[in-house]
Amino acid sequence: MRLTRPMLALAGAAAVLALTGCGSDGKGEAAVPETATGSLEHLAAEVKCDPDMQTDADTIRQAICRKGEEKYVLVTFATDRGQREWINTAKDYGGHYLVGRKWVAVGHQDVVAGLRGRLGGTLEQGARHGGGTHSAGHGEHDGHAGLGG
């Protein structure tokens, strides 16, 4: 059997899907639970965090969570609009965000990816800042915009 260009393209696409885990069996999606909802304390309990409250206001509540070397910020919002405005501003500073309904977890990529296994949600990434004169501690900027501390 002679391989034609369309057949090679189809075979190449199938190989890429197999290598990246994007097949139709849905195995990759089964590991992500339904997105959690609730108060900051409820979300913190889901990820076994003793939240260190930083901001406790009517429109936004924020806590720092630490577990060993891992550190992330958990933020809840009174409104969807307030959440989206906060995310849009914070993403200018870079960082990695796990986004649920009226909540966000902000931290290093591997930390928020791990939290996703317990909280569900959608992963978002802030602006990438390349080249410049940023220090090696750039990760400390993760989500500090609008956090009040």
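A residue is called buried when under 20% of its relative accessible area remains, exposed when over 50%, and partly exposed in between (1.4 Å probe, protein chains only). Both Cys49 and Cys65 are buried. The model is predicted, so local features need pLDDT of at least 70 and side-chain atom pairs count only at pLDDT 80 or more, while totals for chains, interfaces and linings use all residues. Residues are numbered from 1 along each chain as its sequence is written, and side-chain values use heavy atoms, with hydrogens and water left out.

Cys49 and Cys65 form a disulfide (cysteine sulfur atoms within 2.5 Å), with an S to S distance of 1.9 Å. The structure holds one disulfide. The link of Cys49 and Cys65 is left-handed, at -85 degrees about the S-S bond. The pair links distant parts of the chain, 16 residues apart: Cys49 sits in the loop between α3 (40–46) and β1 (52–56), and Cys65 in strand β2 (residues 60–67). Helices (H or I, at least four residues) and strands (E, at least two) are DSSP runs, numbered from the N terminus.

A nonpolar core is a set of buried Ala, Val, Leu, Ile, Met, Phe, Trp, Tyr and Cys residues joined through side-chain atoms within 4.5 Å. The largest has 17 residues, of which Tyr72, Leu98, Leu115 and Leu119 touch the most other members. Two or more residues each come from α3, β2, β3, β5 (103–107) and α5 (109–119); α5 gives the largest share, four residues. Another core, of twelve residues, lies apart from it and includes Ile64, Val73, Ile87 and Val106.

Thr76 belongs to strand β3 (residues 70–77) and counts as buried because its relative accessibility is 9%.
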